2 protein chains.
Amino acid sequence: MVHLSGIETRQHGACDCGDLCRGCEARVLSVCGSLEDEAFVGLQKLNHPVNFPARAVLFNQETPVRHVFTVVHGVVRLYKLLPDGRRQIVGFALPGDFLGLALADGYGFCADAVTAVTVCRFSRDHFGDYADQHPQMLRRLHDMATHELALAQQQMVLLGRRDAEEKLASFLLGLQKRWARISGKSSVTIDLPMGRQDIADFLGLTIETVSRTLNRMARDKLIVIVPDGVRVMDAARLEAIASA
Amino acid sequence: MVHLSGIETRQHGACDCGDLCRGCEARVLSVCGSLEDEAFVGLQKLNHPVNFPARAVLFNQETPVRHVFTVVHGVVRLYKLLPDGRRQIVGFALPGDFLGLALADGYGFCADAVTAVTVCRFSRDHFGDYADQHPQMLRRLHDMATHELALAQQQMVLLGRRDAEEKLASFLLGLQKRWARISGKSSVTIDLPMGRQDIADFLGLTIETVSRTLNRMARDKLIVIVPDGVRVMDAARLEAIASA
DNA sequence: TGGCGACATTGATTTACAACAACGACCATG
DNA sequence: CATGGTCGTTGTTGTAAATCAATGTCGCCA
């Protein structure tokens, strides 16, 4: 895995954040959505918008934790590496997702940009202090953490007890739902900005198995493969496989 | 630092809870450990100690969430079932562990007793109200949730990217550390109160593979298999395998 | 004491997926 | 418009673990 130096570009030089947040497409989905106006303004002051190009590293397992983020734009992959190079992707962060729920310890995983990414970045300490002074925010963080935990447990079932086809069906439908929630409208076309290897490392498969299984699903008319995505042709059958 | 005294477990008292908690061996490890005396007394009032025999069901995926628990004694398995009966154990709860971090949704999984179990049971609503009024408690819950999340991510790596021997080695050493933390002293003998099938369903293997792998490890003099447990003979080599 | 039932072990065989290998599509760049 | 790079597909072979099938061990209780 190549470690590109994280090239950070400050988005709006003079931090006129009010405008930035007002137009934010991710607001209602993220931590910010929980706040009253007054509290929200306080949080905005801590906000530093940052852009990363595709493949840039946001942080890695070793880095001391200095920041927390909410993704505004783009897709981030979160993963762990074994000493011999095997990789397990533990999640894909989409717009609205929060990175840095564990305020205490190290991040525990690496994060880099799959596509070009825009995040709101906060100093970990400032954000932590802020949370401690705003129980509603703490509550929101806790709810997000337990939600993440539930997802992680689902993923354990998938990794431990499902075959390749079930894994892919679940993955596709899960992503479809998440995109729908973000854009506000559901679509039969599922955008897959991540590569086959990323999907493989998320599902505990090899790239060849992902490719073969996807193409078999296409042959079986469950899906059609399109550039950077798939189109769902038989949602019913796909869901039957996913929740089998 | 902690010094646990007597192992006496006085359960049934019709709720003179002060005494119960004072002698509680799990206190410092659990949610209770975070509280000042005054707040702690308030929490005690909500407490209902309950015993379950081995194999008893604490709750399941479908049950509406009425209670949260901390385990005081014994071992609880937490698992999810697929429609066709495949099972994934998502964790084993040991003394000090908290069940019911997700205060909002359903439990999302089943829990039953591996051994005889004693828990402190709280009404979900009372506990939730209490937490909302005690930010330190909320903070503690959040810390526990993020800790759980980190463990879940470790488990994803294990399930997705490790072979049978690595899985068993990690499992054994992980359990050894947890028992050490609970009892205050580490031991080369690791108690395994759960059966082979439970281990298999936790590690994403079959019972046969667990049995074979464990016995191969014994043949290789990494461990010795004893009734209801194993004894670590070559910790260094075992750890090398576990973190390979 | 003997027999039943739950659990664990062991062996033979099959299989889903990994690993290896080659090739094709796409596109950036000189 | 060649050239090299990344990424995805497809074919072949190999293997770890699943599956199928006995057999063994232990505790319980009639």
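Which residues are buried in H7(B)? In this predicted model, they are Val210(B), Thr213(B), Leu214(B) and Met217(B). H7(B) also gives the most to the surface near DNA strand C, with six residues. Chains A and B superpose by a rotation of 180 degrees with 0.0 Å of shift along the axis, and 34 residues of chain A are in contact with 35 residues of chain B.

**Helix H7 of chain B**

- H7(B) has 13 residues, and the distance from its first C-alpha to its last is 18 Å, close to the 18 Å expected at 1.5 Å a residue.
- The buried residues of H7(B) are Val210(B), Thr213(B), Leu214(B) and Met217(B).
- Because these residues cover an arc of only 100 degrees around the axis, they lie on the same side of H7(B).
- The exposed residues Glu208(B), Asn215(B) and Arg219(B) are carried by the face of H7(B) that is turned away from its buried side.
- Among the elements that cover the buried residues of H7(B) are helix H5 (164-183), helix H6 (196-203) and strand S10 (223-226) of chain B.

**Relation between the two chains**

**Contact between chains A and B**

- The contact involves 34 residues of chain A and 35 residues of chain B.
- On the side of chain A that touches chain B, the elements giving two or more residues are strand S6 (87-93) and helix H4 (135-161) of chain A.
- H4(A) gives the most to this side, with 19 residues.
- By class, the residues on this side of chain A are 18 nonpolar, nine polar and seven charged.
- The copies meet through the same surface, because 100% of the interface residues of chain A are also interface residues in chain B.

**Surface near DNA strand C**

- There are 16 residues around DNA strand C, of which Asp163(A), Thr209(A), Gly195(B), Arg196(B) and Ser211(B) come nearest.
- H7 of chain A and both H6 and H7 of chain B each supply at least two residues of this surface.
- H7(B) gives the most to the surface near DNA strand C, with six residues.
- The surface near DNA strand C has five nonpolar, six polar and five charged residues.

**Surface near DNA strand D**

- Around DNA strand D there are 16 residues, and those that come nearest are Gly195(A), Arg196(A), Ser211(A), Asp163(B) and Thr209(B).
- At least two residues of this surface come from each of helix H6 (196-203) and helix H7 (207-219) of chain A and helix H7 (207-219) of chain B.
- H7(A) supplies the largest share of the surface near DNA strand D, six residues.
- In the surface near DNA strand D, five residues are nonpolar, six polar and five charged.

- Val71(B) lies in strand S3 (residues 67-73) of chain B.
- Val71(B) counts as buried because it has 25 C-beta neighbours inside 10 Å.
- In sequence, Val71(B) and Thr118(B) are 47 residues apart, while in space they are 6.3 Å apart, C-alpha to C-alpha.

Definitions and conventions:
Residues numbered from 1 in each chain as written. Chains lettered and ligands numbered in written order. Predicted model: local features only at pLDDT ≥ 70, side-chain atom pairs only at ≥ 80, totals over all residues. Contact = placed C-beta atoms within 7 Å. Helix = DSSP H or I, 4+ residues; strand = E, 2+ residues; numbered from the N terminus. Nonpolar A, V, L, I, M, F, W, Y, C, P; charged D, E, K, R; others polar. Near = placed C-beta within 6 Å. Expected span 1.5 Å × (residues − 1). Buried ≥ 20, exposed ≤ 12 C-beta atoms within 10 Å, placed from the backbone. Arc of directions from axis to C-beta. Least-squares fit on C-alpha atoms with pLDDT ≥ 70 in both.
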